[in-house]
Amino acid sequence: MERQIPMDSSSSSDVASELMEVVETVGSYSGFRVTQRKECLNLVRRLKLLVPLLEEMRELNGSVSGSDSLLNLKKALLGAKKLLKNCKCGSKIYLAMESEAVMCRFHGVYDKLSQALDDIPYDQLGVSIEVKEQVELMRMQLKRAKRRTDTQDMELAMDLMVVFSKEDERNADIAILERLAHKLELHTIVELKAEKTAIGKLVKQRGGHNETMQQIVGLLGKFKQIAGIDETVSLDGPISTGTLQKCQSPLVPHEFLCPITLEIMTDPVIAATGQTYERESIRKWLNSGHRTCPKTGQTLEHLSLAPNFALRNLILQWCEKNNFELPKKDSYASSDDYSAEIMEEISSLVQNLSSSQPNVRKDSIVKIRMLSKENPENRIFIANNGGIPRLVQLLSYPDSNIQEHTVTALLNLSIDETNKRLIAREGAIPAIIEILRNGTEEGRENSAAALFSLSMLDENKVLVGNFNGIPPLVDLLQNGTMRGKKDAATALFNLSLNQANKSRAIKAGIIPPLLRLLDDKNLGMIDEALSILLLLVSHPEGRNEIGRLSFIETLVEIIRNGTPKNKECAVSVLLELGLNNSSITLAALQYGVYEPLREISISGTNRAQRKANSLLQRMTCPCKICIFTTY
């Protein structure tokens, strides 16, 4: 029998009052992170549409005994509240890096709200026709909101890729860092201190240090430098300075401290190596994909954890004797039951991926796709239960619909850094490229997005290039939908950070579609095209193909009338071309570039000013070229 969540016999007015409090609370939220601000404000506005329904339910004071419908609505609203609070208080850098994943969480909230509203017994509650129409309006808005119409902020995504790249020489460029700092609203002392605190909480929640956390802390350090704050940022700074001072006190025996957190243990467990840890800390370590003992570095023969009752009793006795109060568990630790249910469901779904019944297999893929959207823990659970190898096998299943759901599930899973390596190791990249060539429209778009995500790792950039993944991306850039073009552009930019891939992209014919993107203002992809061209112009083959007179005229027009970012990229491209071919600089002068360059050298971004000054020096230096009277 299916387990029912009990609902007390209180009237609908009591439940409605609780729900009204939730809506009022989220309605008072402000200061959402810029990367999710629009979506947060839209969600708050939609939730306020529930007020007439809740007010009417409170006034009607009817009974809904035996129904889970209002409880489901309450759970959906609490989920929305948690997401909005995260977008209000969470790390700005992390939310920017995970913007696509956070958008998936919004979609999950929309799904739960829609389902809860569908299940409410409006007639039984005596809800009026006018209020029903208001609810129907909200349902329609939620349905529209669930349709993904655009990808993430391209300028932001590309700037983040540059600063995190080990190969791109611009990763420490002050102009890019300043642009990021202002875009993320991390350029004042107050904002930077708040971000440090938010990162500390994030590190603690995610179970400690990993590559992503190191990148976030490193970027925060750079932001502090350009803000003139002389302070070293470390992962320990925001989370454990006070804790270490307290816990390393001689009052607390060393053997009572968890080796991971250095805090006194409340639920000690023994790992396979015989070392004891706080259950919550070692579980998070394991759920992050680690398979070694944190203290000894030994590989764990198994992942089972045994309660250390003897040590727990000693800790309790010591606490009583010394009048020491054990720290209370954080609120998020109370989700163990939920996690157990999810883990059980995920385990079953992964097993069903190998089912001989097509409908069972398809349903499992769709559910895994949805679960992998919702939160980082689900992505870890799915990987730990062996979901990735089975999904990779299904990429080649002779059904384009199955392929589409599978590649999207892997896209969601690849948000996790460890999963990126697992997916590539299982041989997914060739199969993803095949779907990119021959899949459904959405399948092709999500394949491009998956290749972008996977290629955040340098070794995967090489694999995508070696498996001939660049030509179909160029084809999608040229012939895809608006979303397809943006997904392809983002992937091609990332892949072109690799020198060998630049040559592959040029040979695949990337230059003509990029030039068309510059000419078509309606597409709004000038930044993306210029960013890729700036990478390609450093390659001899790229310079030869890009340096046409018609392109130089377009560059000058962008330098004259483009956005600050447009101008910066266009000047950089022109400088790179001119350094290798003085006739290009002469042509730019004839098209009237001199005066716009002078303006940029005074009022452009820092990087644009430097590039513009370099160009102007070449134009005025007698040993290089003469200045034309046309300017």
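Mentor: Let's start with the pair α31 and α32: in this predicted model, their axes come within 8 Å and cross at roughly 140°. The crossing is left-handed. On the α31 side, the contact is made by Phe-551, Ile-552, Leu-555, Ile-558, Ile-559, Arg-560 and Asn-561. Facing them from α32 are Asn-566, Lys-567, Ala-570, Val-571, Val-573, Leu-574 and Leu-577.

Now bring in α34, which covers residues 594-603. Which of its residues are buried? They are Tyr-594, Pro-596, Leu-597, Ile-600 and Ser-601. These five sit on the same side of α34 because they span an arc of only 160° around the axis.

For contrast, have a look at the strands. The protein has 35 helices and three strands. Those strands form an open sheet in the order β2-β1-β3, with antiparallel pairing. At the edges are β2 (276-278) and β3 (306-307), each pairing on one side only. Helix α14, residues 279-287, packs on this sheet and touches β1, β2 and β3, and its direction makes about 95° with that of β2. Strand β1 (residues 268-270) pairs with β3 over two bridges, in the antiparallel sense. Within that pairing, Val-269 has Pro-307 of β3 as its bridge partner.

Lys-420 lies in helix α21 (residues 417-425). Is this lysine buried or exposed? Lys-420 counts as buried, because its relative accessibility is 5% and the cut-off for buried is under 20%. Setting aside neighbours within four places in sequence, Lys-420 is in contact with Ser-414, Ile-415, Ser-453, Leu-454, Met-456, Leu-457 and Asn-460.

The other one is Val-109, found in helix α6 (residues 99-119). Val-109 is buried too, with a relative accessible area of 8%. Not counting residues up to four places away in sequence, Val-109 touches Leu-43, Gly-79, Ala-80 and Leu-83. Take Gly-79: Val-109 is 30 residues from it in sequence, yet the two are 6.6 Å apart in space, C-alpha to C-alpha.

Zooming out, buried residues make up 50% of the 631 residues in the protein. Among contacts between residues at least 6 apart in sequence, 71% join residues at least 24 apart.

The average pLDDT is 81, and 84% of the residues score at least 70. Over residues 1-10, though, the pLDDT is below 50, and that stretch has 13 contacts in the model beyond near neighbours in sequence. Residues 235-250 are also below 50, with 22 such contacts. Where pLDDT is low, the predicted coordinates should not be read in detail.

Technical notes:
Residues numbered from 1 in each chain as written. Predicted model: local features only at pLDDT ≥ 70, side-chain atom pairs only at ≥ 80, totals over all residues. Heavy atoms only, no water. Buried < 20%, exposed > 50% of the residue type's maximum accessible area, 1.4 Å probe, protein only. Helix = DSSP H or I, 4+ residues; strand = E, 2+ residues; numbered from the N terminus. Arc of directions from axis to C-beta. Pairing = 2+ DSSP bridges. Contact = heavy atoms within 4.5 Å. Axes fitted to C-alpha atoms, helices over the stretch in contact; angles between N-to-C directions. pLDDT = per-residue confidence, 0-100. Left-handed = near helix turned anticlockwise from the far one by under 90°.
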